[in-house]
Amino acid sequence: MRKGKINILLGLLLAMMIVMLSACNKEKKLGWEAEYLAPLVNADLSLTNLVGDSILQSDANNLLYLIFSNQVYSFNLADYAIEIPDTGIGSAASLDSFNIGEQKFNLTITLGSLCKELIATGDITNVLIGNSIISSNGDSMVFPGLAGIAVPADTFDASFVFEEVNLYHGVLYGWIHNEFPVPLENVQYQLRNKVGGELIVSDTIPYIAPHDSVYKEYDLSGKRIEGAFWVELQNFDTPGSSGQKRLVDTSDYIKLDMKAAGLRASSATAVFPSAELITTTEEITHDLGDTYLTYIEAKSGNLNIYLSSSVAEGVYLKYTLDGAFDDKGQPLTVTTFLPPAPVGGVSSVTRSFDLSGYSMTLTGKNHDKFNTYTQTISATIDSSGYLRTITSADSIRFSYSITNIVPRYIRGYAGKDTILVGPETVPFDVLSKIQAGSLDLDQVNVGLSLKNGIGVTGEVLVHQLSAVKGGATRTLIAPSVIDNPIRVERALDFPIRPTYTSLALNNTNSNIDELLELLPDQLAYNIEIFVNPDGNDMRYRDFISDQSNLDVNLDVEVPLSLIANNLTLIDTIDFSLGGGEEDVQAISDGKINLIAYNSYPLEAQLKLIVFDEYDNIIDTLINNYTIKSAHLGADCRTTDDRKIVQSIDISKDRLNRLLLGKKAIVKASFSTPALGSAENESCNGHIKIYSDYHLRLKLTGDFKLDFGDN
Amino acid sequence: MKSFYSLLLTLLVCPFVLSAQDTLKESKYEMLNHYNSYGLNEVYENGFDYRHQSNYVGVNFSFGHNSNAVSSGLAYNFISNGYIDSTKKEKVYAQLQGKNKYEDRLISGLTYAHVISSKKEEEKYLLYFKYAYNNERNILFTNDALQIALSGNKRFEDDTAVLGKTQLTSLAWNQYGIGFSKLCYKPNFHIYWGITASLLSSPQYNSLKLEDSYLYTAELGEYLDVKYNIDFRQVDPGAPEFFSFKGTGFLADAHLSYGKPNNYSIRFSAENLGFIKYKKEVNRYAGDSSIHFEGIDVMGLNSFGGSGFSNFNADSLFTILSIQKSTESFTYTLPFAMNLSFHKALFAQQGMLSIGLNYRYLPQYYPFFWTKYMHGFKRNYMLGGSLAFGGYTKFNIGVEAGKEWKNFRVNVGSNSLFGFFMPKTYTSSSLYVRVAATF
């Protein structure tokens, strides 16, 4: 019985524990719910946020001005005047003559060797005279007269320099020196090709005094000269010393000293020295109509060169565009090498050169032309050390082109022209976001300004200027502007300084305020521009840069003193709550509080419609919430911030829906408080907007979060 | 959890099923001389007489939580995936003490011991091996901190919530221990002493310190004023790998017991003397500043739409609060425990009265006084109860039941029973199960 009681007691205890433990685990959901209040977004908005930045300025009284400039038209004369057509030229230079350098040779006959020649004749007289002279060497003697002395021909071999040459031009310079102690008479000599035997030069000199020389020149033009040739002293006589003793020196000599120079060949087989083959300077002129350019700076462009040669020797080619320099002052010179042409063929090379940044003079080689390039080409043979044959049939061909020239700057005379612009329209963005409502502006000051950055005098004629909004159009009525020629002075150069011309438009001289009160999104215009109406009065000193325009602007200054009635601003903004449901899954319910502090004398009605990625409306998050205007005091300025609180219920379903949002349309309508309303008890007419006004918007979250495995 | 309950049920029911097969011991001293210490060494405080046994195997599981403010119901909600509704929260809020404390601890493990005989009959040596899994949390918090955590800051609209001083430490570790004990069975007294050295691996650690911190929530949440001094450390923010060595440490235990056979014993133990060093994977978030926050500033209407909820992630919050994030190593000193107890046999060795003092090195932890009486019944059943006061909690009543066979013993008990019966109001509870066998 006792055992049973203990068993029961223990069993009850254990069962109780099990039940309690089980009870603890009945609810499978770990978690709890909590409510949080937190600021989300804080924005201090001003009119700058609504109408765009940098267009609002304030005066000393903090009155705001809407100041902006809207370009009506921008005229770049470069679009019209600086069109440089591609140009090219081809040329060929044949080798009708070319330099083959100069050659020297000489023939020397000493008195001693001459005596040996006399002895060798075997003639008794010659033997006696020869022996007598040799034996008297160092002494004085009386030289007898002699006649018919001939010296055997000597061979000169220059075939290691040239094998054969047909001279187009050449001169042989000869010095015949007589260093014998007796005069020479009837000196005959000749040069003759060794193989062909053609006579090259033959001459006779009647008399050469002792220790004297005679200079002679011989034209070699048209001569064929072999690399080996004979030089022969065929004859000379001497009258002797006329009975007077002369000192005998067997080293005394007769010398033929020859130099062939100015050798230009029509054909040659030779080891050619390095020498200039061709040098030519040419001009090429663009036809630019009524435009006469003296100078150009290229923003881009190409110089293309094609060269070919049939010369069997390497040729260096040097191209120089005269008067062209890069931005570092370096001339535009292109050097290239043509390898030796194969037998019966040509060698060629193509080069392209970037002209970007180059400045070029277009006045020709004598600086008396326009639109004219000058270029110099020279070809120089490259000595290889081998025998080559070059003939007059060989040639060097070259062609070049200047293409795709886009000028950065030109100088000259731009021509006289009339350019019609329009009728056309341009966007007028500043007020374009205002989609509806009406606006009454107290005062509008507009300057029609013309900024000329072009070095050309002009005239502008505005035929029409209109504001366009949808189907509505308001046309400017301003006699001082419309159809009244406006003179535009040329800009100044070095550096470029634009000139400005401005015409004032206001409520008194025009209806410009009506144009702005239309809240236009476009401007329509019709303009005529006269270029150089006075002709070439600047004597080719017009200049045009690709960066300089003639800009026609509307410079608007509007003091923000206005009456607004449901002025509706509509804008599309990006909208995203976050990555997805996981980011907000803990939020089970809640609301977003919109807290506004408004010190503007403007009442705003807000609407925010959220769209998904397919532009379907998924929620109207803010539906015509009203932010009341601040209260206007006796001085027609607002005093304190007006606090407005609006709450937006955010259920979990709505939150999940908003997660799909990709963009939103914000619609805000602004109205100035009417006289007699609670916010405006005494301010009649236009309400001024000051720079210290602000609209502070805060979004706070009031969310219920469910933590855990829910 | 179902399998756990099934195992628990089996362990609890087995003694009663098997009870009819057992015999009654004349003296219950040895049987009752077990598990009476808070800092027990189960190897030789298990009542087994190693003069006649060679091996010991024990399995134990214990869980307990103590608080001066958090009800057992709320604690079990957290532990057992419960849902904390507003009624429960308000009940808890009503019990908050200003300086609120909470700690819980779960230990489960397996121990094997082998008896090494000596030349002297009265001396035995034990060499034992131990594995245990430990999971513990310790939290100090203000009333407002708990309300902010569970209810959010809306209840503090146009009011200030005081958040500091708040501290939280939560960690888990695996213990791989080896121990040595000497047992002296003298005719007039018994002395047991032993030491255990353990290698620790910790897969998880989190700590938070908030000093001098408060949060003011303006009307409609228009702005927040936050003053904070925060130091938060976190190891492995993802799901921890149970046996990973994110932290490595060492731990030592020491035990001493002296007693007169069949009469009384005095025991002393020092536990958890050790540390865990976490490698450079400890994320630390620290900051000491104050901010006035009015939301993300936007420049215009176009920016409004992009100010979504995704902007309010942890990184942006850290940026807003100027909290510095760093990664560094960190050493955590384990909260050691000291235990002293006296045990006296009563009623002709049919009962055992124990009194003891326990201290754990935890923040604002008071010494824990306890007394316990266990009584043996026929067929080696035992039943007893305990009274305790101290620590983080109020007055505690415990109960324990057990059954011993010749070489097998099962004990089930609780040191704090009220938490089971009054979970909505009482703030502590515990449960332990121990199964041991010798052969």
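Which residue of β16(B) does B:L357 stand opposite? Hold on to that one, and we'll get there in a few minutes.

Hi everyone. One thing before we start: what you have up there is a predicted model.

Let's begin with a pair of helices in chain A. Helix α4 covers residues 111–121 and helix α5 covers residues 124–135, and the two pack with their axes 7 Å apart at an angle of about 150°. Angles over 145 degrees count as roughly antiparallel, so that is what we call α4(A) relative to α5(A). As for handedness, α4(A) passes α5(A) in a left-handed crossing.

Who actually touches whom? From α4(A), the contact includes A:L111, A:C115, A:L118 and A:I119. From α5(A), you'll find A:V127, A:I129, A:I133 and A:I134 among the residues taking part.

Okay, staying in chain A, on to a sheet. Here five strands make an open sheet, and the order goes β2-β3-β36-β29-β33, with antiparallel pairing. At the edges sit β2 (56–58) and β33 (499–506), each of which pairs on one side only. On average, neighbouring strands in this sheet are turned by 25° against each other, ignoring direction.

Let's zoom in on one pairing from that sheet. Strand β3(A), residues 64–75, and strand β36(A), residues 550–559, run antiparallel and are joined by ten bridges.

Then β15(B) goes on to pair with strand β16(B), residues 366–376, in the antiparallel sense over eight bridges. That's a hairpin as well, this time with five residues between the strands, and B:Q364 in the turn has a positive phi of about 55°.

Which brings us back to where we came in: the residue opposite B:L357 is B:F369 in β16(B). While you're looking at these strands, remember that in a regular strand the side chains alternate between the two faces of the sheet.

How values were computed: Residues numbered from 1 in each chain as written. Chains lettered and ligands numbered in written order. Predicted model: local features only at pLDDT ≥ 70, side-chain atom pairs only at ≥ 80, totals over all residues. Heavy atoms only, no water. Axes fitted to C-alpha atoms, helices over the stretch in contact; angles between N-to-C directions. Helix = DSSP H or I, 4+ residues; strand = E, 2+ residues; numbered from the N terminus. Parallel < 35°, antiparallel > 145°, perpendicular 65-115°, else oblique. Left-handed = near helix turned anticlockwise from the far one by under 90°. Contact = heavy atoms within 4.5 Å. Pairing = 2+ DSSP bridges.
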